[in-house]
Amino acid sequence: MRRANEHGFEMMGLKDGWKGLLEDNHFRLTRETTSGILHRGGTILGTSRVNPFKVEGGLEKVKRAVERNGIHAVIAIGGEGTLSAATRMSQEGLRIVGVPKTIDNDLNGTDFTFGFDTAVTIATDAIDRLHSTAESHKRVIVCEVMGRHVGWIATYAGIAGGADVILVPEVPADLVAVAEHIQRRHASGRSFSIVVVAEGTRVKVAENQSEQLITSGALDEAGRPRLGGVGSIVAHEIERRTGFETRVSVLGHIQRGGVPTAHDRVLATRFGVHACDMVARGEFGKMAALRGNEIISEDLAVATKELKRVPEEFFKVAQVFFG
Ligand code: F6P
């Protein structure tokens with residue numbers, strides 16, 4: 001806000017992202033309305049998964065709202081969905097600047113998105129806590145974290161939390177290999193194991209395995225997990241194959257809330273300042289991005305071309321990935 005004021009900008013907050021433009025729902029952002037929010041989780045703007053390109057006449061409505069309200073430029077803050085729409089808007093001639101915000105850290109062109117560090121911190125803390133029960137009750141505990149398409153949270157929180165197995169969408173999970181690994185671990189004297197699995201992980205289905213998963217009750221006839229997400233399948237299969245008592249814990253939206261870490265606050269502030277400067281310079285169709293420790297401007301089209309996957313190097317570092 002301070003940087004916007006320095007540039008002499010008048011700022012307007014769009015309620016629930018693109019929805020706010022479509023429905024003309026917005027409010028003035030001032031030093032007063034934005035003071036004291038840095039340490040709070042969530043967003044005073046609200047959020048929605050509305051994509052103007054999926055709404056009939058959406059693009060025209062957005063263009064009209066921009067004109068009617070005298071909006072010089074739109075700063076779009078969000079993940080792959082929000083910024084893909086921003087990329088198309090910019091190609092349609094709107095003055096757009098992007099800011100990468102998602103816990104998934106899956107946007108190309110930036111080393112990190114803000115929100116990721118907070119989610120990883122919460123997930124790591126949860127894994128630390130799960131160790132207590134796993135150790136004292138001599139159990140295998142499967143912790144399912146977010147990540148529909150990529151496994152950044154599972155990778156970072158799994159490594160930081162000392163997980164014995166990490167499963168990510170980038171590598172289909174071989175549950176036979178996982179069960180064998182856990183069996184070997186326990187045979188060598190360990191009495192517990194922690195498995196971290198990203199929600200979007202696909203289970204590698206060997207011959208007959210999908211049938212087995214159905215007959216053993218892990219999947220229903222339509223091939224969907226019978227009890228919740230992939231974590232329940234992984235837990236079910238580990239228990240069935242090893243005989244070790246296994247539990248599953250799904251973190252869900254807990255990892256998407258609460259107090260942001262200092263790292264995320266600093267990154268978000270740097271992105272915000274850079275975005276204001278980009279508007280002032282007339283640098284549109286780009287996204288504020290982190291490269292090393294420098295904030296740069298990256299083409300929105302590059303940022304949203306494809307998802308940023310976890311590189312293989314991580315799998316070698318941790319040696320607890322199974323595919
Ligand atoms: O913000 C991205 C994400 O956190 C994904 O990792 C997760 O799958 C999804 O959101 C959950 O979305 P919703 O809150 O709409 O269920």
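## A ligand between two domains

Domain 1 (1-114 + 260-304) and domain 2 (117-256) both contribute residues to the shell around the ligand, so the ligand lies between them. The structure is a predicted model. The residues around the ligand are Gly-79, Thr-102, Ile-103, Asp-104, Met-146, Gly-147, Arg-148, Glu-199 and Arg-256. By class, this shell comprises two nonpolar, three polar and four charged residues.

### Overall architecture

The protein has 323 residues, of which 41% count as buried. Its secondary structure consists of 13 helices and ten strands. Taken along the principal axes, the C-alpha atoms fill a box of roughly 65 × 40 × 30 Å. Among contacts between residues at least 6 apart in sequence, 70% join residues at least 24 apart.

The protein is divided into domain 1 (1-114 + 260-304) and domain 2 (117-256), and the C-alpha centres of domain 1 and domain 2 lie 35 Å apart. At the contact between the domains, eight residues of domain 1 meet twelve residues of domain 2. The side of domain 1 that touches domain 2 has two nonpolar, three polar and three charged residues.

### The four-stranded sheet

An open sheet is formed by four strands in the order β6-β7-β5-β8, with parallel pairing.

Strand β7 (residues 193-198) runs parallel to β6 and is joined to β6 by three bridges. The pairing of β5 with β7, also in the parallel sense, extends over six bridges. The following table lists individual residues and their partners in β7.

| Residue | Opposite residue in β7 |
|---|---|
| Val-140 | Ser-193 |
| Val-165 | Val-195 |

How many residues of β7 are buried? Six of the six residues of β7 are buried, so the strand is largely enclosed by the rest of the structure. Ser-193, Val-195 and Val-197 point one way from β7, whereas Ile-194, Val-196 and Ala-198 point the other way, and all are buried.

### Phe-116 in helix α6

Phe-116 is placed in helix α6. Is Phe-116 buried or exposed? Phe-116 has 24 C-beta neighbours inside 10 Å and therefore counts as buried, since 20 or more such neighbours are required for a buried residue. Leaving aside neighbours within four places in sequence, Phe-116 is in contact with Ile-103, Asn-105 and Trp-152. Ile-103 is also one of the residues around the ligand. Between Phe-116 and Val-66, the separation is 50 residues in sequence and 31 Å in space, C-alpha to C-alpha.

Methods: Residues numbered from 1 in each chain as written. Predicted model: local features only at pLDDT ≥ 70, side-chain atom pairs only at ≥ 80, totals over all residues. Near = placed C-beta within 6 Å. Nonpolar A, V, L, I, M, F, W, Y, C, P; charged D, E, K, R; others polar. Domains from an automatic or database assignment. Pairing = 2+ DSSP bridges. Helix = DSSP H or I, 4+ residues; strand = E, 2+ residues; numbered from the N terminus. Contact = placed C-beta atoms within 7 Å. Buried ≥ 20, exposed ≤ 12 C-beta atoms within 10 Å, placed from the backbone.
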